[in-house]
Amino acid sequence: MADKELRLALVCYGGISLAVYMHGITKEIWHLARASRASLDGHDAADGSEGIYQQLLQEIGDTTGIRLRAMTDIVAGASAGGINGVFLAQAIATGQSLDPLTDLWLQTADVEALLNPDQAPSSKLTKFWALPIAWMASGGNSVEETVEQGARAEVRAKLEKFVRSRWFEPPFGGKQLLDMLLDAFDAMATAPCGPRLLPAGQPLDLFVTVTDFRGHPERLKLNSPPEVVETEHRLVFSFTDHGQPDAEFAHAAELAFAARATSSFPGAFPPATVGELDGVLAERGMAWPGREHFLEHALPRQYAANAVDKAALIDGSVLANAPFRPAIDALKERPARRQIDRRFVFIDPSPGHRIGFYGEAAGRPGVFPTIIGALSEPPRHQPIRDNLEAIGGRPPRIERMLAIVERIRAEVETQVESLFGYTLFLDYPTPKRLAAWRSRAQVSAAAKAGYGHTAYGMLKVEGVADRIATHLHQIAEQPGPQRWRRLREAVWQEIERRGADDFATGHAASASPATLDMLRTHDVGFRIRRLRLLARRLTELDQASANAELAPMREAIYESLATYLECQRADPFIGLREAARSVDPDAGALLDQLGARMDLRTLDRDTDERLSAGLSQLSRDMRRPLLLAYLGFPFFDIATLPLLQGEGLNEFDPIRVDRISPDDATAIRSGGARATLKGIQFNNFGAFFSRAYRENDYLWGRLHGAERLIDIVLSTLPPGTTLGPGRVASIKRSIFLAILDQEAPRLTAIPGLFDQLRKEIG
């Protein structure tokens, strides 16, 4: 079978108490990953939805000859989505179970458990006049209309207590939330544990957005004045396991702090502080050995100013409710050992929902709704459009590039054949011959490009300088655009000092020896683009003939590609961190050390050996198009690199975007969030008031998540391939019933919903 990976980059929105619904969805994503891992290991998946997912993957393999592995390797979240992202990432990285987290969500995500004791009403007489407000906040008769009969008294009592709590102070306690989060990590750690849910070497990256309430200074370059200082409020807490199965993903205190900070909904929770975390850890007798390193990484400006204790962190969704940007940036360090279907999947629990006190959409908002709405509603929802457009801009660029490659392929193949002669395909492709053929093709492509090669060459050198600066920036772990600009300036000055930007036509190879040396030492992007083109050509041949003899060649390509991609990651170069942090305008020594560590010449020789071995096992009919693509790459690259703006395309294949929301999952019930979720009541705080609410939303989260994940998995099938009439509906019905059977013993507050759902499912 051909191997293929469905890689999910998950983006989780905020949603206040709809966090319980999102937990149901992320739990299904976890079940899919576990089922895929079990298939890879040759084991039977667990009961429930995992078994259905495993059967689906097996059926896809039987139908298409593709061994599909589903995984989540990038997670980004804000607010309630940040909490769920943190726990899902922990489960993926460690193999721990999410089941204990479900029990804690249902039991402790309650207004009475979250209420700060210092702010609770001291007696029935406290603000007795607020009782009508409690009734109004519930929407009059909405308790009777939306809450199951057995839970109505509970909701009324808790709503009354919540509204009568002391005003002008956040009613919920930060300490209470931190304790709950740490309890959840303890419960996950003590539950049965399975294997890590990603292949060895495949990193898991987690990004949690936070808003720095007071802000920190950032320097900006202008024409006049030359430099200004602006206040930046956006923060992103980032975590990675570096692809190492035995490495600690992150300390529980750090993950809990990230979850606590990102979910500090303004007015409901007090801002998160380092002092609050230190106090909770002291009460629990919990050590935090990596405290200083984490604070330096998470709060670099405050740490440098010895002011981390003054940082006040609030809800991450205030400025970035849909954190696509860090997830997009994480694509730059992804390894690729097989064909990839990359998806960005975002969870939007209530698309289009507006908080009630902003006023009706059709009416003219008053003074206070305008002020409140302007401060919160637009900043939360506007960023998604820009980020989706950034992702959406990739497929057209890729398609244009591929169209160019296809249009000029015949001419390029003619050039290669005229250069080497038809006997090229009869010769045994030894590593030495491959290197010589490759060099000869490079010189020929440069000569035929004429003066256009100078522009192409300068674009390559500029791209190399950008990549080196970005790589050093990642290695140094000192974020900020100003720091990157300093590194980029130092790198470029060194390139100019060496004369490594000389592409004058007078040189025999259209470039100076210093330029060629720079490219051979540092231009890893060129090697990656060449192998990606070869991988795509092999995929085209494989789809056309399903030829099993291509398997060794595929392994050779992706194994080689992985070694070059490793050169773009920061982890293997940690030894250069101090040098990267202290780089001065004379960056020559650091560039030499970086080049020596990458050792691209050795990687080139290893790649030649792998490709030689793979090509030698092919028939002449299969060897010919692959050799033409490999040796014709310089011609293709000169034509397409300007379109790629110098940086290449990280995972090369188009990125597709999928959404999971109540509006998209209609197999059981249409009507979106209003027809299915209870947590949208009370301006999205509803699930904090009733266990029945939480059970309802959690169950719908699993059902909606399962339906959409099946849709996403099936969308990986080759065009024109289906599972047969009625098969998709049958799979969905099976997984819905499996989830109901699995959850019925746990969800005892909503027996009527189970009966109704079984009728609707049929």
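Here is a quick briefing on the fold, the annotated sites, the cavities and a few local spots in this chain. It's a predicted model, so local features need pLDDT of at least 70, side-chain atom pairs count only at pLDDT 80 or more, and totals for chains, interfaces and linings use all residues. Residues are numbered from 1 along each chain as its sequence is written, and side-chain values use heavy atoms, with hydrogens and water left out.

**Overall build**
- The chain has 33 helices and seven strands, taken as DSSP runs numbered from the N terminus (helices are H or I with at least four residues, strands E with at least two).
- Of the 762 residues, 56% are buried; buried means under 20% relative accessible area, exposed over 50%, and partly exposed in between (1.4 Å probe, protein chains only).
- Among contacts (heavy atoms within 4.5 Å) with a separation of 6 or more, 80% link residues 24 or more positions apart.

**Nonpolar cores**
- A nonpolar core here is a set of buried Ala, Val, Leu, Ile, Met, Phe, Trp, Tyr and Cys residues joined through side-chain atoms within 4.5 Å.
- The largest one has 121 residues, and those with the most contacts inside it are Phe 237, Leu 299, Leu 313 and Leu 699.
- A second, separate core of 73 residues includes Ile 528, Leu 533, Leu 550 and Leu 594.

**Annotated sites**
- UniProt puts the feature "active site" at Ser 79 and Asp 315, in an unreviewed entry; positions follow the numbering used here, feature names are shortened, and annotations may be inferred rather than shown by experiment.
- The two are spread over 237 residues of sequence but cluster in space, with a largest C-alpha distance of 5.7 Å.
- Ser 79 sits in the loop between strand S2 (66-77) and helix H3 (80-94), and is buried, with a relative accessible area of 4%.
- Not counting residues up to four places away in sequence, Ser 79 touches Gly 14, Thr 262, Ser 263, Asp 315 and Ser 317.
- Asp 315 is in the loop between strand S5 (313-314) and helix H14 (324-329), and counts as buried at 0% relative accessibility.

**Cavities**
- There are six cavities of 30 Å³ or more; on a 1 Å grid over the protein atoms alone, a cavity is a set of points where a 1.4 Å probe fits but cannot get out, and lining residues have an atom within 4 Å of a point.
- The largest cavity has a volume of about 310 Å³, where grid points are joined across faces, edges and corners and the volume is the space filled by probe spheres set on the points.
- Its lining has 23 residues, and the closest to its centre are Ile 83, Trp 105, Ala 109, Leu 177 and Phe 688.
- Both Ser 79 and Asp 315 are part of the lining of the largest cavity.
- H3, helix H4 (99-108) and helix H9 (174-190) each supply at least two residues of that lining.

**Helices and a loop**
- The buried residues of H4 include Leu 101, Leu 104 and Trp 105, and what covers the buried residues of H4 includes helix H1 (19-41), H3, H9 and helix H31 (691-714).
- Helix H28 (residues 633-640) has seven of its eight residues buried, so it is largely enclosed by the rest of the structure.
- Asp 663, in the loop between strand S7 (656-660) and helix H29 (672-676), is partly exposed, with a relative accessible area of 39%.

Methods: 1 Å grid on protein atoms, 1.4 Å probe; cavity = no way out; pocket = protein on both sides within 12 Å on 5 of 7 lines; lining within 4 Å.
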